[in-house]
Amino acid sequence: MATKASASAARLMMAPAVTLLLGWMLVPLVMTLYFSFADYRPLRGAFEPWIGFENYERFVTSSSFWDAVTTTLTMVGGILVITVCFGILLALLLDKPIYGQGVVRILVIAPFFVMPTVSALVWKNMMMDPVNGILSHVWRFFGAAPHDWLVQTPTLSIILIVSWQWLPFATLILLTAIQSLDGEQLEAAEMDGAPPLKRFWFIILPHLSRAITIVILIQTIFLLSIFAEIFVTTQGSFGTRTLTYLVYQRVLESQNVGLGSAGGIIAVILANIVAIFLMRIVGKNLDA
Amino acid sequence: MRLKTTLRAATAMAVCAAGTSAFADSHVTTVTIATVNNGDMIRMQGLTDDFTAKHPDIALEWVTLEENVLRQRVTQDIATSGGQFDVMTIGMYETPIWAEQGWLEPLDDLGEEYDADDILPAMRAGLSHEGTLYAAPFYGESSMVMYRTDLFEEAGLEMPKQPTWEQIGEFARTLTDKEAEQYGICLRGKAGWGENMAFITTVANSFGARWFDEDWNAQLDSPEWLEAVTFYNDLMADAGPPGAATNGFNENLALFQQGKCGMWIDATVAASFVTNPEDSEVADSVGFALAPNTGKGKNANWLWAWALAVPSGSDATDAAKEFIAWATSKDYLELVAEKEGWANVPPGSRTSLYENPAYQAVPFAEMTLESIQTADPENPTVDEVPYVGIQYVAIPEWQGIGTAAGQEFSNMLAGQQTPEQALARAQELVNEEMEAAGYR
Amino acid sequence: MARAVSSRARLGWSAVAWVIGLLIFFPILWTILTSFKTESEAIASPPSLVFFDWTLENYEVVQERSNYARFLWNSIVIAGGSTLLGVLIAVPAAWAMAFQPTRRTKDILLWMLSTKMLPAVGVLYPIYLICIRLGVLDSKIALVVILMLINLPIIVWMLYTYFREIPGEILEAARMDGASLRSEILYVLTPMAIPGIASTVLLNFILAWNEAFWTLNLTAVSAAPLTAFIASYSSPEGLFFAKLSAASTMAIAPILILGWFSQKQLVRGLTFGAVK
């Protein structure tokens, strides 16, 4: 029913958003591309506008590159698994009739309101610190030697911290999805004597699939660029250097803007590969 | 309707935002100071009334940041001539490099009264480029051994004024009682060129190792490095606190103040914190000794200063210099002494401070001065080196190299690799970086 | 028919839910408690949960050292401004996508999301140089615009999913009555979309409030928000757990309170079209 006039009006209405985002994407991207082919090291006063693919070659062949890619994937994957699994369980739990539901819900979503820097500081200094942290007090209480979280299990620790921050988000979306579930269907299944596990597997989970893909898509976008949590806790040591962090080290610590820009471009390309992969799935799901 | 309200609110907000940022009194020059959030700097912030009373036409704005964030912010700003700050707090490492780029205002005209000749020679040399002072030291430091006299007495040990590493190792292992959370020695392990690499480099120097030979070849594969790093690694495994691989200056300070460390080898400025009864539980029982050596003629002590500099292109250069002349003056030292006592005066910047009998009475004054005087950035280690700097190498690439290597040693301390592996990886990283920078 | 639930089962589920809820909330609770301790009590072993001498000295120290009100105001302006600006730009776009979909609509939507993939650290230099050139370093306007651009894809997507749930027949009816496009949006659509817009605003306010890279790197004094405030308390010299806790509490309290009051709204709205 879209008339020609309203179609062009629609285009007009989308124009500001599309133009702005196009500019926001292109301008820095083009500048970064330009720098990535340059030898740009401000601390040396060096600026050589064209050195070919040298920066790319050095970034990819450096010993830290593949480690960083693996770390990034491990971290994002780990966080996704934890938030989705626990998110489903929590959502199911919050959907039950419980006393003080509102308060419990507030408690559960609170971590989402904490800025990443603060949550990393709190976890590092007050929870995971091997001497003064709460967890080590708990360990000692049970007679165990305190676990040195950020040193012995650094990647896991960061996964835990970030999962804590994002669990509320996953829970909320999944909870809304569960609440929209057709109660009669479940009851019918219950009447038929289907055990809870079966009901979950054949009725609830399929119903949640769409919500799960959306959680995965949105979280991946945010998780690929986690920075503050690593900066505050391990500064990239002990194998927690993600691709984003590696780029940070090249650009800001070594002040090698050319090399860092090449890394940035590579990171964009890799992120988009992940994104295309994800969006294929979501895109399909958006129509379903 | 709703849309209109939102629109109006947004406009109002935008106007507010523009209004506050554009607001400036035309008679008052605003000096924006970027500084690090350590105790001495925060104390200075509290005392600025003295400055503004003398200079009613200058207003001070503070940007106080944690060390890592500060470094990143000021480097970014100066490298792009962002002009966000009029006074920057920088270290001995940055000063000559930035001065060479022409990024800093020379500070050779701070006035008669300022008495630049009074600045300790080692500090002045480190903060100058081609004979001109580019950053004025707010405080200076070397490193030394701080130890618990009560624990030493209990164990029947005696700390010589000039210990060797062997002795330190022995003491540390004797004092360790992990059950009782008593650790013989606390040392830096947190990765970073200004954290563990500062310390490890001084250890390496005292074992006769060096970063580069005269042709800028990395020397981390030398037997001296292996000996130094192995010693450090074993010592920490036997007598260090848990989580040592993430302990930097601050973490160790907290541990020492809580009485969990028998010894701590770190910055001389820490002496005033650990002897301050308000913060430290062990204030009455701290002794001091020179940083250890191996008899090769070099002590494992560094030289560092936090200094104030004016970036060129600042729009308040004169006012900024006024401020620096105040903050690093003799009068400022007197002012702190008057308000907070001599022990809290920023140390290590001026000769006259150490000639003052009132300051000589402070327990750590003599040891601090002696440590500073034995440090020689031109000749950091036993062999000749092509670089300047004791616990750093004063080249622009050092931040990247130091931090990358620091992570390898941090991994080693965490038990994820052996000293041999750490050194081999660091050697590779350093050579990679140096090749890219065109040294070889 | 309401599902019959025995009160014993209800009690059981409640207990489980409360324990888990408290566990998740514990780090925040602990931070708030620690902020009322003295530095030496903050590291006491074993730690005490509530039986300590409550003190406000940390808040006094923090207040004395930093101009909290200015940081707070900057956070409000930046997060609020960027969210409102974003919604203003996103509403028409989302409307067009929802009611005049073309074959490319979905591609555009996904492309918008993909602009969020650019790692911020990689483009810090370009953005910094642009800001210098435009003279907008350390200005709230620059941050309002940048944070708006960062969150715009999310805003568009959220609004798009809400708008799609609005039945098209209503619009057609309005058109039959001769409503113009403008009044269609203003009087028919917007009121129906208010819950969706509200939760979009909330979510993006939170995201903008917590953004810690650009807000830290592009500010010095006049535009520095609470993220910069926190950066001056992380790991200073000596014992700092209590002061850090006080500063952390001050940084998260406003958004926490806002979140709690509006959680119903947020819960209802956070669907991203996940519900069919």
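Student: How far apart are the centres of domain 1 of chain B and domain 2 of chain B, taken over C-alpha atoms?

Tutor: In this predicted model, the centres of the two domains of chain B are separated by 28 Å, taken over C-alpha atoms. According to the domain assignment, domain 1 of chain B covers 27-141 + 304-360, and domain 2 of chain B covers 143-301 + 386-436.

Student: What makes domain 1 of chain B and domain 2 of chain B touch, and how many residues does each give to the contact?

Tutor: Residues are in contact if their C-beta atoms, placed from the backbone, lie within 7 Å, and on this criterion the contact takes ten residues from domain 1 of chain B and eleven residues from domain 2 of chain B. On the side of domain 1 that touches domain 2, α5 (94-100) and β6 (136-141) of chain B each supply at least two residues. By class, that side of domain 1 has six nonpolar, three polar and one charged residues.

Student: Why is strand β1 of chain B called mostly covered?

Tutor: A residue counts as buried if 20 or more other C-beta atoms lie within 10 Å of its own. Six of the eight residues of β1(B), residues 29-36, are buried, so the strand is described as mostly covered.

Student: How do you know that β1(B) pairs with strand β2 of chain B and with strand β3 of chain B?

Tutor: Pairing requires at least two bridges found by DSSP. As individual examples, B:V36 has B:L65 as its bridge partner in β2(B), and B:I33 stands opposite B:V87 in β3(B).

Student: What does chain B give to its contact with chain A, and which element has the largest share?

Tutor: The contact takes 27 residues from chain B and 24 residues from chain A. On the chain B side, the elements that give two or more residues are α4 (67-79), α18 (398-413) and α19 (419-436), with the largest share, six residues, coming from α18(B). By class, this side of chain B has ten nonpolar, 14 polar and three charged residues.

Definitions and conventions
Residues numbered from 1 in each chain as written. Chains lettered and ligands numbered in written order. Predicted model: local features only at pLDDT ≥ 70, side-chain atom pairs only at ≥ 80, totals over all residues. Contact = placed C-beta atoms within 7 Å. Helix = DSSP H or I, 4+ residues; strand = E, 2+ residues; numbered from the N terminus. Nonpolar A, V, L, I, M, F, W, Y, C, P; charged D, E, K, R; others polar. Domains from an automatic or database assignment. Buried ≥ 20, exposed ≤ 12 C-beta atoms within 10 Å, placed from the backbone.
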